[in-house]
Amino acid sequence: MFFASDNWAGAHKSIAERLLTASTGFAAAYGAGELDRKVEARFSEIFEREVSIFFVATGTAANSLSLASVQRPGGITFCHSEAHVIEDECGAPEFFSGSARLVAVDGEAGKIDPAKLSAKIASFPEDAVHHGRASAVTITQATEIGTVYSLPEIGEIAAISRKGNLPLHMDGARFANALVALGATPAEMTWKRGVDMLSFGGTKNGCWCAEAIVFFNPDQAREMPFIRKRAAQLFSKSRFIAAQFDAYFENGLWLDLARHSNGMANRLRAGIGTSNSARLAWPTASNEVFAVVSNSAAKIAEEKGAKFYAWPVPAATPELVSESETLIRLVTSFATTEADVDGFLKCLAA
């Protein structure tokens with residue numbers, strides 16, 4: 001009953017086997033090998049246009065270097081107030097961008113409110129030398145609280161960004177989960193809606209260590225080779241990241257894994273919805289579930305081996321949880337089984 005994070009899951013068998021295959025023989029280093037080129041071409045096929053791909057090791061690196069590539073002196077990136085880039089990356093986006101600032105924008109359901117974004121951007125006029133200059137916007141898909149931007153919502157944020165001549169970045173640590181939740185294509189959820197850059201995550205969905213920065217306009221990626229090198233993210237044996245993506249994409253494995261984890265989350269949501277000792281904190285659509293659980297039920301679940309995190313109560317809804325209750329986050333993965341879910345739900349019924 002491991003629901004603490006999809007990062008706790010191992011690597012899918014097919015991906016692990018592909019890593020073993022790639023470990024033999026010799027291949028050109030630093031992204032120049034045949035497998036690297038094959039996977040880069042596969043990304044272009046998946047996104048239905050020519051894209052520029054840069055492998056990195058972590059989502060933090062992907063987000064930070066993406067945003068660093070579009071910064072300028074006094075630069076400001078706008079993000080949701082609960083975004084991973086502003087809450088959980090230890091200042092890495094600011095560090096790698098030369099101290100550019102992140103400015104939080106509120107919005108319900110973990111999503112940037114378009115009107116509030118417009119107002120925030122307007123508060124940094126281009127000629128106001130003292131305040132800094134708007135440089136980029138970043139959204140998270142799926143969001144940190146398990147919700148998903150709809151395609152029109154992405155398009156609306158993109159239109160506001162475009163009006164301000166600001167590149168739009170998408171943090172796609174759980175990109176596949178959001179994609180299958182919407183039933184959209186990768187192109188429909190990104191560049192066709194105005195997204196310029198994507199942090200494409202594989203680690204949370206069955207890979208061992210595979211993330212990629214995707215530029216939908218290769219001309220915008222000219223500085224990235226140097227930015228990545230200076231950030232120590234250019235791997236000599238990059239074939240080991242390419243090998244993971246090669247297996248990840250084969251026969252749609254990446255989408256099957258995301259459908260499975262989302263399906264297990266749906267099973268959790270359904271069970272919690274009928275529980276007498278727990279209730280859903282808010283609706284979610286990806287592989288994250290947030291529940292308000294009685295303290296006694298949470299204790300029983302932990303004693304029986306369930307792993308999950310107690311979650312901070314959102315400041316906007318302090319009344320969500322009583323003194324006898326706990327807000328918890330449950331995250332499913334490609335490795336979650338029906339038995340895991342049912343075992344946890346049985347704990348709640350004890």
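Partly exposed, in my notes, covers a relative accessible area between the buried limit (under 20%) and the exposed one (over 50%). I'm working from a predicted model, so I keep that in mind for every entry.

**Entry: Tyr309.** I looked up Tyr309 with that definition in hand. Its relative accessible area is 38%, so I put it down as partly exposed. Tyr309 belongs to strand S10, which runs over residues 309-310. I also found Tyr309 in a nonpolar patch on the surface, together with Phe2 and Trp8. The three share about 350 Å² of accessible area.

**Entry: Ser150.** Where does Ser150 lie? I traced it to the loop between strand S4 (133-140) and helix H7 (151-163). Ser150 has a relative accessible area of 23%, so this residue is partly exposed too. Then I checked how far Ser150 is from Gly132: 18 residues in sequence, and 31 Å in space from C-alpha to C-alpha.

**Entry: the cores.** Which residues touch the most other members of the largest nonpolar core? I got Phe43, Phe78, Phe200, Phe245 and Trp254, out of 57 residues. Helix H10 (residues 239-249) gives this core its largest share, six residues. Apart from this core I found another one, with 22 residues, including Met1, Met264, Val289 and Phe308.

Key. Residues numbered from 1 in each chain as written. Predicted model: local features only at pLDDT ≥ 70, side-chain atom pairs only at ≥ 80, totals over all residues. Heavy atoms only, no water. Patch = residues over 30% accessible without salt bridge, like charges linked within 9 Å, V, L, I, M, F, W, Y side chains within 5 Å. Areas by Shrake-Rupley, 256 points an atom, 1.4 Å probe, with all protein chains shown as cover. Salt bridge = Lys/Arg side-chain N within 4 Å of Asp/Glu carboxyl O. Helix = DSSP H or I, 4+ residues; strand = E, 2+ residues; numbered from the N terminus. Buried < 20%, exposed > 50% of the residue type's maximum accessible area, 1.4 Å probe, protein only. Core = buried A, V, L, I, M, F, W, Y, C linked by side-chain atoms within 4.5 Å.
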